[in-house]
Amino acid sequence: MDYEFLVKYYEKLESTSSKLKKSEILSELFQKTPTELLPRVVLLVQGIVFPKFMQLELGIATQMMIRAIARTTGFEQKRVEENFKKTGDLGLTAEELARKRRQSTLAKRKLTVDYVFDSLQKLPTVTGEGSQDKKLNLISELISSAKPEEARYIVRTALGEMRTGTAEGIIRDAIANAFLLTGKESKEKKSEILNSVDYVYNMVSDFGEVAKLAKEKGMEGLSRVKIKLGKPIQVMLGLAAEKIEDIVKEFGTVAIEVKYDGMRAQIHKEGNKFWVFTRRLEDVTKQFPDVVEFCKKSLKAHECIVEGEVLAINKKTGEPMPFQNLSQRIQRKYDIEKMVHEIPVQVNLFDAIYLDGKLLVDQKFVERRKILEKIVKPIPEKFRLAKEIVSDDVKEIDKFYKNALKEKQEGIMMKVLDSPYTFGRHVGGWYKIKPIMEDLDLVVISATWGEGARSKWLTSYELACRNPNTGKFLSCGNMSTGLTEEEYKTMTDTLKKIIEQEKGKTVFVRPKVVIEVAYQEIQKSPHYDSGFGLRFPRFVRIRNDKGPDEADTISRVKNLYESQGRAG
Ligand code: AMP
């Protein structure tokens, strides 16, 4: 398949923001794609060339791309940078400059999907001395063979910024539409089919593989997909909750566990074979031979999958150490035995999801915990069950929470007793309570008039961080709490003076006013231009002392997100 053919679909995807349309476009593309190419095309439309769990970075930095564009278009680097300032997107810059290209390329080859895919896949394998030059050559070769519109998408894929808005849900719908749905199904049947696609994705963690299976084997094939020990499955995560009371009010008695500040470990056992995977499904078995030893001694099942949190322990004091210490263990590829002695670890187990041929995900949390207790013979201080209480007493839970913080852990997880194990992203069933994070200074870009008695005030504010490269402000949250009446008034008076445009109850203002914002956590969010959203943002104060050019940047938001998200 020619890359140009795929590019036509990228362009179509980019021209609509409708999720339904996007999934129709993709569905047509998937149907037209030859089966053997399907796994690659499904990855490429997500803007990647490796399944996400492989965590392989292509390693192309902005500066390197600027050099590659300059080299292949014959323009000076400065000119490329200027254009980039204007577009804010090196893909568009590459396209625009390629149209004006000064250098005619001699041997132009027609790019195929396979060729582009293979070249991009080579990038992370280029390491060591001279690797920067080699990468630059690889990427330059691609761009110079590309037509202008092809260059746009090659550049974006290499930078990991596709901008075609193909979230996982859209890919799932497109696969189902292309190969499994006839359009005549009842609503129930349709949702059953979509759920099956989700379910299989959670098992194999690669939509490329799911698409191929759906095309070749249909529903029948999908329903036969089973957990394969040694292949990680998507982990369940918690939703952020603001207050302990809220959860108790909603669910009554719940299980409360320490939320440990370490690395999520999904441990697979198959007879004498063991694997340890991180939350991002990376295989770290080699880095943790000590964990494998614990498992050998302690796991009393022939086959199982259990989950827990690995903590680094201070050799001298026996106390848990911050995540940074553990991350040395995760990244280490040599001298592993030495590291095992220097930074010993402790595993705190909290779930069992598979036991001797049986998937336990549909069982209640309490049942799974019981199974876990049965199959784990704890090794004191090394391999043990997560600390847990079962309670509906807010005071008791609060004491447990304070204690967890005193022990330098992140907070608590409140788990609904009869909740199943739900694969994938943050869903209900587990609720995390953590202290508020470091404040951010953000710019107000729009605001909305209040209701009823507050209709004379602007009471809800859209916040944005700064992109220092383009000077643009990117939204990252909506804040409406934490202000006194006086503060609402001040905000309203200040913002009224800088209104640029009004639309219904919303006013768009010049990005001038900086405010300090507290929040509980940062999440990835497609709703905001920055791609990140603040959970529970609260007003702290107006920063009259700061101009918008001093507001926090998108990279700070990203760093904070990563520091809380953990490498594990
Ligand atoms: P977060 O990273 O804030 O979304 O929280 C989810 C992470 O908390 C999981 O991936 C685990 O690594 C970690 N965690 C720590 N202790 C627990 C626990 N007792 N139960 C579930 N997850 C836990």
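Modeller: A residue is buried when its relative accessible area is under 20%, exposed when over 50%, and partly exposed in between (1.4 Å probe, protein chains only). In this chain, buried residues make up 53% of the 568 residues. This is a predicted model, where local features need pLDDT of at least 70, side-chain atom pairs count only at pLDDT 80 or more, and totals for chains, interfaces and linings use all residues. Residues are numbered from 1 along each chain as its sequence is written, and side-chain values use heavy atoms, with hydrogens and water left out.

Colleague: Why does Ser446 count as buried?

Modeller: Its relative accessibility is 5%, so Ser446 counts as buried. Ser446 sits in strand E12 (residues 440-449); strands are DSSP runs of at least two residues (E) and helices of at least four (H or I), numbered from the N terminus.

Colleague: Which residues does Ser446 touch, leaving out those up to four places away in sequence?

Modeller: They are Ser460, Tyr461, Glu462, Thr506, Val507, Phe508 and Val509. A contact means heavy atoms within 4.5 Å.

Colleague: What makes the chain as compact as a globular protein of that length?

Modeller: Let's start with its parts: the chain has 20 helices and 20 strands. Its radius of gyration is 26 Å, close to the 24 Å that the globule rule gives for 568 residues, so the chain is as compact as a globular protein of that length. The radius is taken over C-alpha atoms, and the rule is 2.2 Å times the number of residues to the power 0.38.

Colleague: Why are H6 and H9 called roughly antiparallel?

Modeller: The axes of H6 (residues 90-99) and H9 (residues 148-159) cross at roughly 150° and come within 7 Å. Angles over 145 degrees count as roughly antiparallel, under 35 as roughly parallel, 65 to 115 as roughly perpendicular, and the rest as oblique. H6 and H9 are therefore roughly antiparallel.

Colleague: Which residues of helix H15 are buried?

Modeller: In H15 (residues 323-331), Phe323, Asn325, Leu326, Ser327, Arg329 and Ile330 are buried. Their cover includes strand E3 (263-270) and helix H14 (289-298).

Definitions and conventions:
Axes fitted to C-alpha atoms, helices over the stretch in contact; angles between N-to-C directions.
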